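Please open the structure in your viewer and keep the selection tool at hand.

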Amino acid sequence: MKRVFAFIGFTVAITLVVLNIIPYPFAGLVLSIAVVLFIASLLIKFTRDGRVICVVLGSIVFACTMFILVTDSSVEPAKSLDSKSADTVFQIVDIPEYNEESNTYTYIVETAKIDMIGSPQKIKVYLKSDKKIDADYYDTVSSNLYFYSAGENPFKSYGLYGDGIYVCARLNEIGEIVSNSHKPVNYYFIELREYIQSILLNSLSGDSAGLSLALLTGSKSCLSLEVQNNFRICGLSHYLAVSGFHISLISFGAYYLMRLIKVPKAVNTFLSMAVMLVYIGAADFSKSSVRAAIMLSAVLIAKLVSNKADTLNSLGLAVLILCFNPFAVTDAGAVLTVCAVLGITVIYKNVMKSIRVKNIVLLYITKGVILSSSVLLAVTPVLYLFFGSVSVLSVILNLLAEPLITLLIISVIVFCFIYGVPFITEFQVSVIQFLSDVLLNMIDFTAKHFAFLFLDISGEIFGISMCAVFMLAGIMLLIKGKVMIKEFTAFICIVTIISSLVFCYQQNHTVSVYISKNGAVMVYDKDSAVIIGLDSRYDKYYAENLADERDTVYIDCALHKSMDLTENGNKYKISDKIAVSRAGEIIYIHSLDKTFKIAQSCVIIGSNRFSRTLGKDFYGVQSTLITFSENSQLVVRRGTDG
């Protein structure tokens with residue numbers, strides 16, 4: 001049986017995706033069915049000799065068992081703390097983040113003791129505080145914490161479950177802080193990340209510092225929300241997360257550099273792997289960097305033994321190792337990077353076999369477009385699941401951005417090594433500043449003038465179309481043993497035309513309600529919009545994109561024009577589908593056949609209640625996009641980071 005790790009790894013990952021979506025009580029049912037089928041496959045000679053079915057069913061049993069064990073032993077005990085306060089002793093285990101909008105600090109902490117009968121001990125907590133905690137990493141802090149849920153399910157935790165965090169907390173009171181002289185190895189990785197952050201912030205100005213830090217370590221804490229949004233619109237956000245691109249640049253750079261100076265092959269291999277380990281430590285051991293490190297380690301070891309590593313098998317092994325954390329599949333970055341490698345390995349390599357281009361420039365452009373298209377095709381289901389949007393810009397923009405970003409990352413690495421050397425440091429700063437300014441201006445221009453190529457794919461019609469395409473591909477593989485390219489392409493064209501027509505119809509008969517995590521409410525159709533409570537800097541940027549395409553009315557916002565709404569409930573007509581009125585402190589929105597009200601703390605639509613994040617009373621609330629049409633019920637499309 002070839003590529004056994006590919007079969008096991010991908011089967012476990014897909015099973016865990018399903019288990020993380022369905023209600024937890026059904027996990028036991030899935031396990032029971034899988035066990036019965038697995039035993040049956042062992043008893044039947046045909047399936048036993050074929051081995052593939054046995055391996056797949058055994059992998060499903062393994063995934064279900066692991067998911068249930070971790071949930072029962074770790075998640076459920078942590079969730080029992082929800083809505084409770086307790087005296088707690090903890091240690092800070094990661095670099096804190098400061099939010100200028102809410103004037104709050106965010107910490108990742110590990111508890112040493114929770115003073116509550118029956119409560120779990122030694123768990124990771126996502127902690128928010130109104131004040132800075134003056135403690136070094138791994139110092140012991142006594143406090144009183146109010147605990148709350150990290151999310152209704154793993155996918156709605158927005159990566160927290162994937163990081164082993166199943167409960168959040170708010171700091172009520174800080175007590176005694178005791179220094180700890182015995183620091184673990186992770187302390188020195190944190191110190192390395194802080195050192196890199198400090199020299200970049202002290203040497204570079206504006207968004208150049210935040211961009212350099214994000215490209216090198218994956219930390220976006222110092223990068224403005226406007227720039228992050230521009231990267232998202234341009235489809236280049238993957239460069240802001242340490243993945244295979246970054247790891248291969250570092251590790252193979254070190255490998256070939258040492259080969260130039262005649263370092264023995266075995267020593268070179270293990271030194272390159274050591275460099276890789278230090279780098280992923282500086283990147284906070286993100287799942288995408290760990291996946292890349294495992295795969296590249298397999299490649300380096302294969303080079304050592306003069307053997308060619310199988311990419312799919314190496315990827316399957318990396319996925320399997322990551323899935324020992326059953327919630328790793330809920331981390332968007334990890335899933336995107338795995339699917340991107342699949343796109344390169346399966347789609348790109350097969351398409352390039354039929355390409356015959358001799359001109360070097362044309363070959364570079366052709367390869368770049370096919371590579372970007374292959375990756376985009378592979379990651380689109382993940383973008384649908386996690387974000388509901390996709391950028392077509394990435395297909396072309398990658399050709400311009402990748403060489404520039406490669407030069408910028410190399411320049412930042414060189415700068416970190418030569419920092420403090422007179423004249424050379426200043427020269428390197430000017431190089432980084434120039435490259436980052438060029439990149440930022442290019443991204444900003446593209447995002448502002450070509451934002452229409454950033455497509456909303458959150459609708460049900462797109463999900464159905466995508467399922468139909470994958471189902472046809474699966475049927476072809478089962479019947480013919482291969483995908484018939486001409487027939488498959490024709491089917492995709494037909495599906496695209498039909499779904500586009502349905503999408504255009506929906507756009508003309510749909511109203512969307514966007515509730516941001518900062519409390520703004522934006523109600524809009526294709527022609528007009530009403531925006532209420534616009535206070536956050538990022539919300540203003542988001543609103544500007546809406547206003548550029550629509551007739552927009554702002555209400556209750558000091559920085560924009562306000563409108564006088566009558567107190568007696570008369571409606572102010574904004575468009576054929578949207579009207580507004582006020583009764584006391586409540587603003588009413590009348591749209592299609594629905595009337596809903598916007599209060600200070602929530603938005604109420606029918607029997608559905610959605611919280612608004614105002615002041616310091618609400619924690620863990622994520623932005624929500626809601627749509628409804630003339631012929632459909634209210635639909636909460638998905639939560640989003642904005």
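**First stop: Ile 92 and the cores**

Select Ile 92: beyond its neighbours within four places in sequence, this residue is in contact (heavy atoms within 4.5 Å) with Tyr 107, Ile 108, Val 109, Ile 133, Ala 135, Tyr 137, Tyr 138 and Asp 139. The model is predicted, so local features need pLDDT of at least 70 and side-chain atom pairs count only at pLDDT 80 or more, while totals for chains, interfaces and linings use all residues. Residues are numbered from 1 along each chain as its sequence is written, and side-chain values use heavy atoms, with hydrogens and water left out.

Now select Leu 16, Phe 90, Ile 92, Leu 127, Ile 133 and Phe 147, the residues with the most contacts inside the largest nonpolar core, which has 62 residues. A nonpolar core is a set of buried Ala, Val, Leu, Ile, Met, Phe, Trp, Tyr and Cys residues joined through side-chain atoms within 4.5 Å. Buried means under 20% relative accessible area, exposed means over 50%, and partly exposed lies in between (1.4 Å probe, protein chains only). Helix α4 (residues 52-79) gives the most to this core, with 9 residues. Helices (H or I, at least four residues) and strands (E, at least two) are DSSP runs, numbered from the N terminus. Apart from this core lies another, of 50 residues, including Leu 200, Cys 234, Met 276 and Leu 440.

**Second stop: helices α9 and α10**

Select residues 265-282 (helix α9) and residues 287-304 (helix α10), whose axes come within 10 Å and cross at roughly 175 degrees. Axes are lines fitted to C-alpha atoms, for helices over the stretch in contact, and angles run from 0 to 180 degrees between N-to-C directions. The helices α9 and α10 are therefore roughly antiparallel to each other, a term for angles over 145 degrees. Among the residues that meet are Phe 270, Met 273 and Met 276 in α9, and Leu 296, Leu 300 and Ile 301 in α10.

How many of the 11 residues of helix α6 (residues 207-217) are buried? The count is 10, so helix α6 is largely enclosed by the rest of the structure. The buried residues of α6 pack against α5 (185-203), α7 (225-233), α8 (244-260), α9, α14 (394-418) and α15 (424-449). Just after α6, select Gly 218, which takes a positive phi of about 85 degrees.

Ser 391 is located in strand β7 (residues 389-391). This serine is buried, with a relative accessible area of 5%. The side chain of Ser 391 reaches the backbone oxygen of Ile 233 at 2.5 Å. Not counting residues up to four places away in sequence, Ser 391 touches Arg 232, Ile 233, Cys 234, Gly 235, Leu 376, Leu 453 and Phe 454.

Most residues other than glycine have a negative phi. Select Lys 122, in the loop between β3 (104-115) and β4 (124-129). Phi of Lys 122 is near 45 degrees, a positive value, and Lys 122 counts as exposed at 70% relative accessibility. Next, select Phe 423, in the loop between α14 and α15. Phe 423 has a positive phi of about 70 degrees and is exposed, with a relative accessible area of 70%.

**Last stop: the whole chain**

Finally, display the entire chain, which contains 18 helices and 20 strands. Of its 642 residues, 47% count as buried.

Notes
Parallel < 35°, antiparallel > 145°, perpendicular 65-115°, else oblique. Polar contact = N/O pair within 3.5 Å; in protein donor to acceptor, adjacent residues only side chain to side chain.
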